[in-house]
Amino acid sequence: MVINGVSIDAVDVAVGDTATEVSANIVNAINSKMDQTGVYAATDATTGILTLTSIKEGRDFTFTASASTVAFIVSLRSRRIALRRAPD
């Protein structure tokens, strides 16, 4: 997974990991590079939606991932990913 040209570290998934645990690991991997990407990740505790938000005012961002990565993330919980831009 690449956000704004920055590679995000791989997230290890072990047998028995819950969707909540895996989602938290994905969020932590993305947020560990927040200073480089300008993107903050969070998951909604109720819906499981992964939200990526630009934290740099008025800046769009790019998100690139392999089809298998996106399919894995989307299948984790609610089949939704929300992408948001910081307000101008």
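# Notebook: a look through the predicted chain

**Entry 1: I49 and the ground rules.** I began with I49, which is buried at a relative accessible area of 13%. By the rule I use, buried means under 20% relative accessible area, exposed means over 50%, and partly exposed lies in between, with a 1.4 Å probe and protein chains only. I49 sits in the loop between β3 and β4. I also looked up its distance to S23: the two are 26 residues apart in sequence and 9.2 Å apart in space, C-alpha to C-alpha.

I note that this is a predicted model, in which local features need pLDDT of at least 70 and side-chain atom pairs count only at pLDDT 80 or more, while totals for chains, interfaces and linings use all residues. Residues are numbered from 1 along each chain as its sequence is written, and side-chain values use heavy atoms, with hydrogens and water left out.

**Entry 2: the chain as a whole.** I looked up the elements and found three helices and six strands in the protein chain. Helices (H or I, at least four residues) and strands (E, at least two) are DSSP runs numbered from the N terminus. Along the sequence I read the pattern β-β-α-α-β-β-β-α-β. The chain has 88 residues, and 31% of them are buried. It exposes about 5,300 Å², of which carbon and sulfur atoms supply 50%; accessible areas come from the Shrake-Rupley method with a 1.4 Å probe, and for residues only the protein chains shown count as cover. I then turned to contacts, meaning heavy atoms within 4.5 Å. Among those between residues at least 6 apart in sequence, 56% join residues at least 24 apart.

**Entry 3: the three-strand sheet.** In what order do the three strands of the open sheet stand? I read β2-β1-β5, with antiparallel pairing. Two strands count as paired if DSSP finds at least two bridges between them. β2 (6-7) and β5 (63-64) are the edge strands, each with a single partner, so one side of each has no neighbour in the sheet. Strand β1 (residues 2-3) is joined to β2 by two bridges, and I3 stands opposite V6 in β2.

N4 lies in the loop between β1 and β2. I marked N4 for its positive phi of about 50°, as it is not a glycine. Most residues other than glycine have a negative phi. N4 counts as buried, at 18% relative accessibility.

**Entry 4: V6.** I went back to V6 in strand β2. V6 is buried, with a relative accessible area of 13%. What does V6 touch, leaving aside its neighbours within four places in sequence? I listed M1, K33, Q36 and T37. The C-alpha atoms of V6 and M34 are separated by 9.7 Å, and the two residues are 28 apart along the chain.

**Entry 5: the salt bridge.** I searched for side-chain nitrogens of Lys or Arg within 4 Å of a carboxyl oxygen of Asp or Glu, which is the rule for a salt bridge. The count came to one. D9 forms it with K33, and the closest N and O atoms are 3.4 Å apart. The pair links distant parts of the chain, 24 residues apart: D9 is in the loop between β2 and α1 (19-31), and K33 is in the loop between α1 and α2 (34-37). Are the two partners buried or exposed? D9 is partly exposed, with a relative accessible area of 44%, whereas K33 is buried at 15%.

Entry 6: I checked the span of α1: its 13 residues reach 18 Å from first C-alpha to last, close to the 18 Å expected at 1.5 Å a residue. The expected span is 1.5 Å times one less than the number of residues. The buried residues of α1 are V22, S23, I26, V27, A29, I30 and N31. An α-helix has 3.6 residues a turn, so residues three or four places apart point the same way.

In helix α2 I looked up T37. T37 is buried, with a relative accessible area of 0%. Its side chain reaches the backbone nitrogen of V39 at 3.1 Å.

**Entry 7: the hairpin.** The bridge partner of V39 in β4 is S54. β3 and β4 form a hairpin with six residues between them, and G48 in the turn has a positive phi of about 80°.

Key: A polar contact is a pair of N or O atoms within 3.5 Å; within protein, one must be able to donate a hydrogen and the other to accept it, and residues adjacent in sequence count only if both atoms are side-chain atoms.
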